[in-house]
Amino acid sequence: KILVIGACGQLGTELTLKLRDLFGVENVIASDLREAVDLIKDGPYEQLDVMDKSRLDEVISTHNIDQIYHLAAILSARGEQNPMLAWDLNMTSLLNVLETGRDRISKIYWPSSIAVFGPDTPMVQTPQTTVMNPNTVYGISKLAGERWCEYYFQKYKVDVRSMRYPGLIGYKAKPGGGTTDYAVDIFWKAILDNSYECFLKPDTLLPMMYMDDAVKATIDLMQADPTALKVRSSYNISAMSFSPDMIYREICKRYPDFQIEYNPDFRQQIADSWPDSIADDQAREDWNWSPSFDLAKMTETMLDNLEVQLVSTK
Ligand code: VAH
């Protein structure tokens with residue numbers, strides 16, 4: 001049985017739906033701190049504070065769990081507003097999950113992020129192995145988490161797998177507390193308000209990925225032959241890079257009088273510390289990774305689906 005921790009989040013919701021599709025609703029237990037969101041109410045659910053190790057062990061025993069997708073974390077922007085909570089939640093929860101891997105869990109997935117890179121990391125085609133001096137709490141916690149994953153793999157043979165997500169864009173679940181989340185908000189605002197106030201500068205280039213590609217990559221990595229995986233910290237993966245101005249112009253192809261204004265806030269410094277683009281040749285080599293969505297295809301898919309979803313609420 002599979003346990004998804006953080007199943008009500010932006011990625012957790014979509015991963016839960018996909019895992020239930022692949023392995024059967026009853027075999028995927030969703031969990032989060034809060035009660036279940038509508039999209040995942042069709043299957044087994046546990047309210048779980050992953051900081052509580054005994055509660056985690058209880059859920060694992062009750063449902064006979066042998067795989068865990070641990071997605072719960074505080075993201076970059078919210079983390080800067082609450083550093084100690086972000087560090088405590090992001091690290092304690094991961095160590096709780098890794099400890100379960102020592103005796104009873106056969107495979108663990110844990111997401112890292114391009115936030116592990118910092119201002120002195122090479123910004124263009126950032127390599128798999130390079131200088132990593134993150135200056136956000138979120139990035140520090142993800143870098144430390146990568147080190148712990150590799151440690152538990154090497155010392156205790158825990159089969160934990162990870163990838164460094166770029167900004168993720170999807171329409172099924174709203175994101176929370178990220179710096180790249182402008183790229184989700186802009187679609188909602190285009191449809192509902194025909195105008196958007198962007199908290200980043202127009203030319204802020206960031207690595208991004210459509211949600212379906214991120215979900216597929218995650219499942220593919222978890223299904224891959226373990227002997228093929230040369231990276232046990234976390235894999236670089238990449239799909240596209242774009243700036244607010246580029247995505248704005250793409251949306252204008254369908255909404256010609258869509259207006260945007262730029263009022264950069266504290267999240268500009270976070271974005272400036274991250275790469276412009278990512279080199280993912282190791283993931284392509286080890287487990288055949290390749291993306292399907294570029295900016296045009298993502299924009300078309302987002303607008304098609306959100307117009308249906310939102311027009312009824314207009
Ligand atoms: C954030 N969406 O903005 C997350 C992600 C690379 C960015 O980690 O914090």
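Where does the ligand sit? I looked this up first, keeping in mind that the model is predicted. The ligand sits in the largest pocket.

**Entry: the pocket**

I noted a volume of about 1,100 Å³ for the largest pocket. Its lining comprises 50 residues, and G9, Q10, L71, A73 and L75 are the ones nearest its centre. I then sorted the lining by residue class and got 26 nonpolar, 14 polar and ten charged.

Next I checked which elements build the lining. At least two residues each come from the helices α1 (10-23), α3 (76-81), α4 (83-103) and α5 (137-156), and likewise from the strands β6 (112-113) and β9 (167-169). I recorded α1 as the element that gives the most, with four residues.

**Entry: the ligand shell**

I listed the residues around the ligand: L75, S76, S113, I114, Y138, Y165, P166, G167, G178, T179, T180 and W274.

For Y138, the distance from its side-chain N or O atom to an oxygen of the ligand is 2.7 Å. With T180 the ligand atom is a nitrogen, and the separation is 3.0 Å.

On its own the ligand has 270 Å² of accessible area, and the protein covers 95% of it.

Notes. Residues are numbered from 1 along each chain as its sequence is written. This is a predicted model: local features need pLDDT of at least 70, side-chain atom pairs count only at pLDDT 80 or more; totals for chains, interfaces and linings use all residues. Side-chain values use heavy atoms; hydrogens and water are left out. A residue is near a molecule or strand if one of its heavy atoms lies within 4 Å of it. A polar contact is a pair of N or O atoms within 3.5 Å; within protein, one must be able to donate a hydrogen and the other to accept it, and residues adjacent in sequence count only if both atoms are side-chain atoms. Accessible areas come from the Shrake-Rupley method with a 1.4 Å probe; for residues, only the protein chains shown count as cover. On a 1 Å grid over the protein atoms alone, a cavity is a set of points where a 1.4 Å probe fits but cannot get out, and a pocket is an open set with protein on both sides within 12 Å along at least five of seven lines; lining residues have an atom within 4 Å of a point. A molecule sits in a cavity or pocket if more than half of its atoms lie within 2 Å of its grid points. Grid points are joined across faces, edges and corners, and a volume is the space filled by probe spheres set on the points. Ala, Val, Leu, Ile, Met, Phe, Trp, Tyr, Cys and Pro count as nonpolar, Asp, Glu, Lys and Arg as charged, and the others, Gly among them, as polar.
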